[in-house]
Amino acid sequence: MQRRTALKWIVRTLASFCAAIVALPGVCFVAAALRKNKGRGATIQRVAKLGDLPVGQPVEFPIIAERRDAWALYPQEAIGRVWVVRRSDDSVEAAASQVDAYTSVCPHLGCAISHDSSAEQFTCPCHQAAWNVTGERVADAELGHKNVSPRSMDMLQSKLVLDSQTDEWWVEVSYEKFEYGLTQKKTKA
Ligand code: FES
């Protein structure tokens with residue numbers, strides 16, 4: 001009787017051990033995918049040479065990166081767009097130049113922001129939100145209707161970097177996505 005009980009226990013232990021070995025790769029795969037999705041940070045990219053940017057005129061650039069959607073990996077595609085504005089001219093040393101970058105995602109409901117050079121405004125075609133050239137909301141009275149944007153355009157971190165091989169200054173942007181519909185900028189989880 002005791003020997004039979006011991007055999008049963010050994011068989012059960014072996015079965016559990018085998019099941020754990022079979023399940024382990026799947027568990028690791030799921031955990032790795034979740035970790036990658038959770039740990040998504042900013043995408044850092046050089047978008048333009050400083051010398052190629054017109055002063056005071058916004059220029060739009062795509063952000064190219066790998067995109068992971070659950071288990072699928074989409075290599076090197078546009079994951080977003082940014083508006084870049086060079087503020088200072090050549091009288092300012094390159095290293096001290098001011099360049100601003102904004103995501104082109106509208107903070108109202110996420111449509112793509114465009115630039116109206118005749119009005120010198122950024123505008124969103126979906127619900128006619130508008131921002132001035134420094135990315136601030138245009139007042140309702142100036143716009144002639146309610147500006148539905150809950151906040152200014154979302155400015156991105158950017159800096160000038162010197163390419164040591166070509167000796168040219170580049171604008172490097174740190175691209176992130178933000179929540180829509182909030183009065184304060186909040187990075188998407
Ligand atoms: S999504 Fe841009 S104004 Fe509504």
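Tutor: A residue is called buried under 20% relative accessible area and exposed over 50%, with partly exposed in between. Please keep in mind throughout that this is a predicted model.

Student: OK, so where does Cys126 fall, buried or exposed or in between?

Tutor: Cys126 has 35% relative accessibility, so it counts as partly exposed. Cys106, by contrast, is buried because its relative accessible area is 2%, and Cys124 is likewise buried, with a value of 3%.

Student: And how many disulfides are there?

Tutor: The structure holds one disulfide, and it is formed by Cys111 and Cys126, whose sulfur atoms are 2.0 Å apart. The link between Cys111 and Cys126 is left-handed, with -95 degrees about the S-S bond.

Student: What does that pair tie together?

Tutor: Cys111 sits in the loop between S4 and strand S5 (114-116), while Cys126 sits in the loop between strand S6 (121-123) and strand S7 (130-131), so the pair ties together parts that are 15 residues apart in sequence.

Student: Switching topic: which residues touch the most other members in the largest nonpolar core?

Tutor: That core has 18 residues, and those that touch the most other members are Val47, Val82, Val84 and Val171. Among the elements that give two or more residues to this core are strand S1 (43-49), strand S3 (72-86) and strand S9 (168-175). There is also a second, separate core of 10 residues, which includes Trp83, Val85, Phe122 and Met153.

Student: What is Val82 in contact with, leaving aside its neighbours within four places in sequence?

Tutor: With those neighbours left aside, the contacts of Val82 include Val47, Phe61, Ile63, Leu156 and Val173, and also Glu60 and Ser104.

Student: Then there's Asp100 in strand S4. Is Asp100 buried or exposed?

Tutor: Asp100 is buried, with a relative accessible area of 11%. Leaving aside its neighbours within four places in sequence, Asp100 is in contact with Trp83, Val84, Val85, Arg87 and Met155. Asp100 and Gly135 are 35 residues apart in sequence, and their C-alpha atoms are 9.6 Å apart in space.

Student: Last one, on pockets: what volume does the second largest pocket have?

Tutor: The second largest pocket has a volume of about 200 Å³. It is lined by 17 residues, of which Thr103, Val105, Gly110, Lys177 and Tyr180 are the closest to its centre.

Student: And how do the residues of that lining divide?

Tutor: The lining of the second largest pocket divides into seven nonpolar, four polar and six charged residues.

Conventions:
Residues numbered from 1 in each chain as written. Predicted model: local features only at pLDDT ≥ 70, side-chain atom pairs only at ≥ 80, totals over all residues. Heavy atoms only, no water. 1 Å grid on protein atoms, 1.4 Å probe; cavity = no way out; pocket = protein on both sides within 12 Å on 5 of 7 lines; lining within 4 Å. Points joined across faces, edges and corners; volume = space filled by probe spheres on them. Nonpolar A, V, L, I, M, F, W, Y, C, P; charged D, E, K, R; others polar. Core = buried A, V, L, I, M, F, W, Y, C linked by side-chain atoms within 4.5 Å. Buried < 20%, exposed > 50% of the residue type's maximum accessible area, 1.4 Å probe, protein only. Helix = DSSP H or I, 4+ residues; strand = E, 2+ residues; numbered from the N terminus. Contact = heavy atoms within 4.5 Å. Disulfide = S-S within 2.5 Å.
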